[in-house]
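Please keep the viewer open as you read.

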Amino acid sequence: MSICKLLTPGPLSTSDEVKNQMLVDRCTWDNDYKMITQKIRKQLLSVAHLSEEDYTTVLLQGSGSFAVEATLNSAVSQDGKCLFIVNGAYGERMVEMGNRMSLDYSVYRTDYHIIPNVNKVRKLIETDTDITHIAMVHCETTTGILNPIEDMAKLCNDNDITFIVDAMSSFGGIPMDIEKMGIDFLISSANKCIQGVPGFGFVIAKTDKLIGTQGKSSSLVMDLYDQWVVMNKDGKWRYTSPTHVVAAFSKALDELFEEGGVEERYARYCRNNEILRDQLSSFGIKAYITDELQSPIITTFLFPSDRFDFDDFYKYIKERGFIIYPGKLTDEDTFRIGNIEEIYEVDIRRLCKIISTYMEG
Ligand SMILES: *Cc1c(COP(=O)(O)O)cnc(C)c1O
């Protein structure tokens with residue numbers, strides 16, 4: 001198999017150092033391993049500039065969706081009601097989770113290229129006073145649109161509503177002041193902007209809110225509170241943990257700090273993304289999301305013509321060292337390119353050159 005750089009929203013291209021951590025087998029109850037878990041939990045708070053007094057972290061086996069479902073199942077109790085704000089497939093996934101759990105919920109949807117309107121949400125919570133929780137996605141990876149969580153957070157704080165944010169594809173890559181916003185539960189995973197490998201998700205939670213979920217989950221293995229209680233003791237995970245993934249993630253976090261933290265990584269992603277969109281636009285390939293709403297994480301591009309053959313395009317690029325991503329929209333022909341991995345300006349310029357040659361040919 002030839003080695004390609006993955007221009008996807010995760011799993012993504014990781015550094016050699018991150019991959020190297022996985023060559024060692026580690027024991028789950030050994031102190032050295034448990035300390036890695038505790039170090040990760042501290043670093044996650046530190047990278048988000050959070051105080052250990054008010055916030056805490058829980059790591060949970062599985063992909064990112066497992067952590068989202070665990071959070072909804074633990075945080076939204078049977079006597080609560082959740083408003084899901086949806087403008088993409090990941091928002092829809094939360095609604096589907098609500099269905100499966102028979103949660104009491106309502107949904108506010110917008111078109112996928114539009115951000116939710118905070119005044120509409122205000123009206124919704126004024127008319128329906130049963131709403132106790134709001135859950136939304138920060139960067140909708142479906143399109144690459146960046147949703148306004150600051151405004152929504154303020155609304156939640158003012159109205160005593162618990163705010164749950166799926167920041168899967170943005171945490172670590174976009175600076176956000178979780179404490180100032182007063183976000184109650186924020187969910188992300190190992191294989192996105194922290195640039196680790198897939199295998200677990202994590203939740204950053206206000207400690208008192210997390211403690212409030214005790215006994216609420218209808219699932220044993222996905223009970224966020226129980227998971228936290230065990231882990232918080234000494235770093236031992238409840239049930240077998242993905243040891244190789246955890247070690248790789250620890251390295252990935254160190255590398256995030258070495259790069260200069262979230263701010264520096266954000267700057268790199270922004271540069272990657274700008275070059276990509278500028279160049280492709282000059283070849284006649286336009287982005288689906290307008291510049292003002294576009295995240296620096298992943299971009300959805302419209303097919304440049306009716307005759308555009310994505311499979312052929314994909315193959316051409318793959319043969320030259322990059323893997324891109326298909327689109328996820330049902331009503332438009334699109335493809336996606338992510339830029340949140342071990343990818344630098346030189347890689348993006350090389351990719352653009354390949355695409356330019358393809359378009360000319
Ligand atoms: C990646 C992602 C998820 C989780 O997806 P998994 O395949 O379960 O890891 C959830 N929400 C968003 C916005 C994502 O980008």
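A molecule is said to sit in a pocket if more than half of its atoms lie within 2 Å of the pocket's grid points. In this predicted model, the ligand sits in the largest pocket.

**The pocket**

About 360 Å³ of space lies in the largest pocket. Its lining is made up of 24 residues, and those closest to the centre are S65, Y90, R93, M168 and K192. By class, this lining divides into 11 nonpolar, eight polar and five charged residues. Which helix gives the most to the lining of the largest pocket? Helix 4 does, with four residues. Helix 3 and helix 4 each supply at least two residues of that lining.

**The ligand and its shell**

Now let's turn to the ligand. The residues around it are S63, G64, S65, Y90, R93, V137, C139, T141, D166, M168, S169 and K192. Sorted by class, the shell has four nonpolar, five polar and three charged residues. Helix 3, spanning 64-75, and helix 4, spanning 89-100, each supply at least two residues of this shell.

| Residue | Ligand atom | Distance to a side-chain N or O atom |
|---|---|---|
| S65 | oxygen | 2.5 Å |
| D166 | nitrogen | 2.7 Å |
| K192 | oxygen | 2.7 Å |

How much of the ligand's accessible area does the protein cover? The ligand has 380 Å² on its own, and the protein covers 86% of that.

**Two backbone spots**

Finally, here is something for those who like to check the backbone. Most residues other than glycine have a negative phi, and most peptide bonds are trans. Against that background, two places are worth a visit.

Where is the cis peptide bond that involves P11? The bond runs from G10 to P11, with omega near -5 degrees. You will find P11 in the loop between strand 1 (5-6) and helix 1 (16-20).

The other place is D160, which has a positive phi of about 60 degrees although it is not a glycine. D160 lies in the loop between helix 6, covering 149-158, and strand 8, covering 162-166.

How values were computed
Residues numbered from 1 in each chain as written. Predicted model: local features only at pLDDT ≥ 70, side-chain atom pairs only at ≥ 80, totals over all residues. Heavy atoms only, no water. Near = heavy atom within 4 Å. Polar contact = N/O pair within 3.5 Å; in protein donor to acceptor, adjacent residues only side chain to side chain. Areas by Shrake-Rupley, 256 points an atom, 1.4 Å probe, with all protein chains shown as cover. 1 Å grid on protein atoms, 1.4 Å probe; cavity = no way out; pocket = protein on both sides within 12 Å on 5 of 7 lines; lining within 4 Å. Nonpolar A, V, L, I, M, F, W, Y, C, P; charged D, E, K, R; others polar. Points joined across faces, edges and corners; volume = space filled by probe spheres on them.
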